[in-house]
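Work through these exercises with the model open beside you. Try each task before reading its solution.

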Amino acid sequence: MFPYPSGDLHMGHAEIFTIHDALVRHLRMTGHRVLNPIGWDAFGLPAENAARQRGADPKAWTYANIDEQWRTIVRLGYSFDWDTVLRTCDPEYYRWTQWVFLELFEAGLAYRREALVNWDPVDNTVLANEQVIDGRGERSGALVQRIPRTQWFFRITRYADELLDGLDTIDWPERVKNAQRAWIGRSEGAEVTFTTADDGTEVVVYTTRPDTLYGATYFVFAPEHPLVVERMAGDAEYDAFRDEVSRRSDIERLSGFGDDEAEAAAGAKRAKRGMRLAFDMVNPVDGRRLPAYAADYVLTDYGTGAIMAVPAHDQRDLDFARQEGIDVRVVISPDDGTVLDAATMTEAYAGDGTTVNSGPYDGQPWQETKRRITADLEAQGTGRATVNYRLRDWLISRQRSWGAPIPIVHCPTCGEVPVPRDELPVRLPDDLDFSVAGSPLDLHPTFKHDVVCPACGSDEATRDVDTMDTFVDSSWYFLRYLDPTSEEHAWPVEAASHWLPIEQYTGGVEHAILHLLYSRFFVKALRDLGHVAADEPFARLLNQGQVIMGGKAMSKSLGNLVAPKEVYERYGADTLRATMLFASAPEDDIDWADVSPTGMHKWLSRVWRLTLEHLARIEASGVPGDEDEDRALALRRATAAMVDAAGREYAARKYNTALARMMELTNTLNDVLRTGEAAGVERAVGEALRALLLVLAPIAPFLTEELWGRLGEDGSIHDRRFPDADPGLLVRDTIEVPVQVNGKLRGRVVVAPGTAKDALEAAARAEVAAHLTGDVVKVIVVPDRMVNLVVKG
RNA sequence: GCGGGCGUAUCCCAAUCGGCAGAGGAAGGGGACUUAAAAUCCUCCCAGUGUGGGUUCGAGUCCCACCGCCCGCACCA
């Protein structure tokens with residue numbers, strides 16, 4: 001994932017880029033052609049806030065940060081392709097963001113409507129559902145308010161099913177896929193049409209349990225439901241109730257469970273608030289009258305904003321029914337023989353059971369009732385099977401001015417008119433005044449009004465003054481990398497079909513929903529519009545862990561921040577890189593309090609010293625002469641084993657254990673040099689060092705390059721092939737096989753690899769004869785691995 | 001409450017298909033070198049794998065229950 005330039009690179013960036021760079025360098029060394037671009041997600045609020053607070057020019061501010069990050073990226077040796085750099089805030093880029101918007105608009109995937117939206121009173125903008133965490137704005141932390149407002153949406157819900165099913169086709173961490181599944185929230189049920197008791201007005205509800213229809217004893221509307229608003233117009237009590245619910249949803253709902261924190265911690269249930277309405281509803285299956293309520297626990301924007309309430313089998317309904325003294329009616333009898341008492345039960349029963357009290361459906365398993373009732377409703381025209389989703393359309397309007405303007409002109413006669421493609425980009429003015437109280441774009445002297453309708457030429461027309469969510473910018477940037485400077489097209493369709501899906505995508509798990517869901521939607525939509533062939537943007541995802549400090553997130557306010565700069569200025573870039581990779585597997589968090597750049601620096605210095613000492617010896621004694629064959633062979637075997645093992649560790653992206661194998665070899669090298677004349681093994685030492693440097697090159701590019709040159713090798717080490725182990729050196733003459741008696745280790749035998757089972761067993765019996773005090777009743781022989789003799793008596 | 005993940009030495013962290021619990025690092029003790037310190041080198045110390053069951057010839061690894069921690073989601077009908 002590309003970085004946001006809020007300042008210099010932080011440890012999180014260093015972590016993601018280090019992992020990614022080791023991976024990419026290894027791929028290059030194993031003969032892959034790698035496209036490894038970099039860019040900046042350069043629109044966004046911090047630039048605008050800097051402008052507001054310090055009078056900075058957001059563009060200059062952003063570019064200065066990009067320059068700083070760039071220098072750090074170079075300093076840390078990240079091998080990005082420098083000729084594909086892009087910045088989403090450049091008009092040359094956002095021109096095409098606007099183009100993508102128009103493509104979606106014309107396909108009916110971008111639309112404008114009024115809705116209850118999330119208003120962030122601190123950042124002064126609306127937010128998408130995905131950007132509201134626990135009722136607070138993701139960035140600002142402010143309590144979000146629900147207000148009605150006309151805004152632009154992307155119709156991501158059209159792809160809900162495909163977004164869900166596609167998860168089965170991609171190699172992503174399970175937790176990210178689960179998060180997306182939960183977010184999409186598909187459920188299967190039925191829509192059932194109820195009617196008002198007085199004039200038969202139809203009201204549709206969504207339920208996942210149509211089999212419990214006979215158990216409905218009341219009916220609930222969301223307080224904002226249009227029918228309620230209409231029917232209760234002028235009712236002061238209702239107005240007060242609605243007001244209170246709105247306030248609650250802004251404060252109490254968000255702060256948890258009311259004022260009592262102890263109660264909140266214990267997970268106490270939130271009291272539901274409801275009001276009896278002035279009319280009744282009629283149950284379509286049996287004609288019974290159901291009292292109608294408005295209550296805060298029914299949401300306006302899920303399902304149809306109205307429910308049938310079945311207290312016996314839904315806990316929320318039961319809580320409300322007990323509170324209001326409403327009847328409870330049991331329609332499912334538990335299979336385990338428990339008898340539910342409608343008068344006294346306090347826990348709704350949602351398990352398996354047999355249908356009762358439901359007229360013609362009695363006596364069947366509930367699943368069967370569900371099928372039959374749904375079919376019967378359908379036949380009568382009072383219901384149908386449906387699928388429902390938790391996912392809502394993506395709200396993309398932002399009342400901010402450091403973003404891509406929405407390329408639409410509003411005309412009193414023509415409505416929403418797209419800006420013609422050849423007039424793109426709709427540029428942000430350079431002279432935005434950030435000292436104003438509202439949106440600088442809205443209040444700019446000419447931006448809004450200095451326009452005519454592209455369709456009819458009317459000068460009454462105005463520009464849309466909102467910008468797009470910055471997640472729009474980042475939902476397609478990977479396509480732009482394929483031809484980042486083109487003025488002809490957003491990206492080359494043919495190349496896009498070759499390079500997508502991206503084989504390896506690396507980034508933080510904080511984007512589990514946001515960026516990773518939006519990008520998937522974009523690719524699917526753009527595919528349907530013929531702009532790309534792939535179904536998914538990212539075939540394989542690696543979520544690197546977080547860098548923390550002493551168990552807590554690093555942050556300025558906690559004063560536990562360690563900047564990459566501190567580390568690389570003291571120890572160098574290679575040490576920083578290797579420290580991060582050695583600390584843990586890429587997926588795991590790194591606690592900086594636990595890691596030791598000093599220790600890593602010591603080891604890299606050891607590699608350096610071993611190489612220089614080797615060179616000094618060669619210089620002193622000339623070309624190595626005859627070898628000490630046993631010690632040389634042992635070293636060559638150790639080298640081959642390291643190359644073989646490290647290669648596999650690299651392939652599995654386990655750089656921590658790859659480094660451990662390299663350290664092992666330096667230990668061996670040290671031992672070999674200590675136990676005899678260096679002259680006897682000098683050639684093998686040279687081979688070992690060269691292999692070591694090659695294997696280390698993706699992790700420590702600077703040190704290895706320097707030593708490679710000093711060893712007299714031509715060209716860059718980074719253009720060399722990753723070494724392969726000599727298979728002949730991996731084969732051992734003898735191996736040690738543990739011998740167990742009754743599962744306990746009692747001895748070892750040394751045999752040739754591949755020794756036949758019976759020969760191995762014989763050797764094993766001889767070895768542990770002293771322990772075979774009874775009859776051997778069972779023998780387990782795993783060739784080359786172990787022998788277990790089971791003795792009885 | 002639901003879903004996912006993790007508990008191995010003082011600490012970080014390894015351990016192919018279930019097959020010798022220790023690869024690597026850090027910290028600590030002792031020693032060599034040094035006028036001394038740093039660096040370097042040598043050496044020692046250190047767990048039976050959160051708890052309790054089960055399967056198996058054999059369990060850190062598989063199954064069940066529980067404890068602890070972390071991360072999602074959560075009035076979604």
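**Exercise 1.** Find which residues are closest to RNA strand B.

Solution. Start with the count: 46 residues surround RNA strand B, each with a heavy atom within 4 Å of the strand. The closest are Lys272, Tyr302, Arg316, Met663 and Arg748. The model is predicted: local features need pLDDT of at least 70, side-chain atom pairs count only at pLDDT 80 or more, and totals for chains, interfaces and linings use all residues. Residues are numbered from 1 along each chain as written, chains are lettered from A and ligands numbered from 1 in the order written, and side-chain values use heavy atoms, leaving out hydrogens and water.

**Exercise 2.** Locate polar contacts (pairs of N or O atoms within 3.5 Å) to RNA strand B.

Solution. Take the phosphate side: a polar side-chain atom of Tyr302 is 2.3 Å from a phosphate oxygen of RNA strand B. Next, turn to the backbone. A polar backbone atom of Thr208 lies 2.5 Å from a sugar or linking oxygen of the RNA. For Tyr297, the corresponding backbone distance is 3.2 Å.

**Exercise 3.** State which helix gives the largest share of the surface near RNA strand B.

Solution. Helices are DSSP runs of H or I with at least four residues, strands runs of E with at least two, numbered from the N terminus. The answer is α22, with 8 residues. This helix spans 655-674.

**Exercise 4.** Which strands stand at the edges of the open sheet of 3 strands?

Solution. Write the order: β20-β19-β21, paired antiparallel. Strands pair if DSSP finds at least two bridges between them. β20 and β21 each have a single partner strand, so they are the edges.

Methods:
Polar contact = N/O pair within 3.5 Å; in protein donor to acceptor, adjacent residues only side chain to side chain.
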